[in-house]
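Here are a few notes to read alongside the model.

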Amino acid sequence: MDSCTLQLSAEACQAVRHLCFSWLPLSGILPPHHESHAQVMMYRKEQYSDVLHALEVIRFISDATPQVEVYLHMHRLESGKLPRSPSFPLEPEDEVFLAIAKAMEEMVEDSVDCYWITRCFVNQLNNKYRDSLPQLPKAFEQYLNLEDSRLLSHLKTCSAVSRLPYDLWFKRCFAGCLPESSLQRVWDKVVSGSCKILVFVAVEILLTFKIKVMALNSAEKITKFLENIPQDSSDAIVSKAIDLWHKHCGTPVHSA
């Protein structure tokens, strides 16, 4: 194993440790006091096993069920929304859960931790940010106008503003759009208390790919490109988005 691979492995391990030590308490899965973490985590593992067993007993899941779908069924059962059959069509909120769970699975190795972080992350979106998320498209338009009014005018000319991938950006929080290494930095801000970071990531994506977007002359082409942006610029996009977030919202306060 070369030094570069070793460094990447070390960074990956460090990222996993960060998620567990930072996100678990911030998400409300663990209490803020470290002394009781082991006891509470043992309870969380028992609860996970009980829910998993219940789904196996009613034959909702099997060994062949993909792990993210297992998480979804567990979440539905605990939320009182389990359908009568696993073959029932997915609701839009289920699609969001699966997208976030799939990305989270790449960040968190332990299945118990992954389930609880995903569940609490989604609950945070549905509860704490329920009123804020619908306002984000308007905020996106406002901040893009401040940063590059000509680019916004082009989007309006193409009738693209209302057709941008807002669900991908703001409901799925860029899951399936950004690679997990970049996504983690964005979700750090969301877990810590600010969903507005999502707006600045979207703005920075437009600014980064301005030349490409300005060359496209239809809403369909613009949306299709933005749904599948090149991955190699993701880290730079997130860094610049965080700078924009600080510029417009300040550093210390996490505003929703």
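How many of the 256 residues of the protein chain count as buried?

1. The share is 46%, where buried means under 20% relative accessible area with a 1.4 Å probe, protein chains only. Please keep in mind that this is a predicted model: local features need pLDDT of at least 70, side-chain atom pairs count only at pLDDT 80 or more, and totals for chains, interfaces and linings use all residues. Residues are numbered from 1 along each chain as its sequence is written, and side-chain values use heavy atoms, leaving out hydrogens and water.

2. The protein chain has 13 helices and 0 strands, both taken as DSSP runs (helices H or I, at least four residues; strands E, at least two).

3. The largest nonpolar core holds 82 residues; such a core is a set of buried Ala, Val, Leu, Ile, Met, Phe, Trp, Tyr and Cys residues joined through side-chain atoms within 4.5 Å. Phe-140, Trp-169, Phe-174, Trp-187, Leu-198 and Leu-226 have the most contacts inside it. At least three of its residues come from each of domain 1 (20-128) and domain 2 (130-255), with bounds from an automatic or database domain assignment.

4. Leu-198 is worth a look: leaving aside residues up to four places away in sequence, Leu-198 touches partners including Trp-169, Phe-170 and Phe-174 (contact means heavy atoms within 4.5 Å).

5. Helix H4 (92-107) is among the contributors, and H4 gives the most, with 4 residues.

Key:
Buried means under 20% relative accessible area, exposed over 50%, partly exposed in between (1.4 Å probe, protein chains only).
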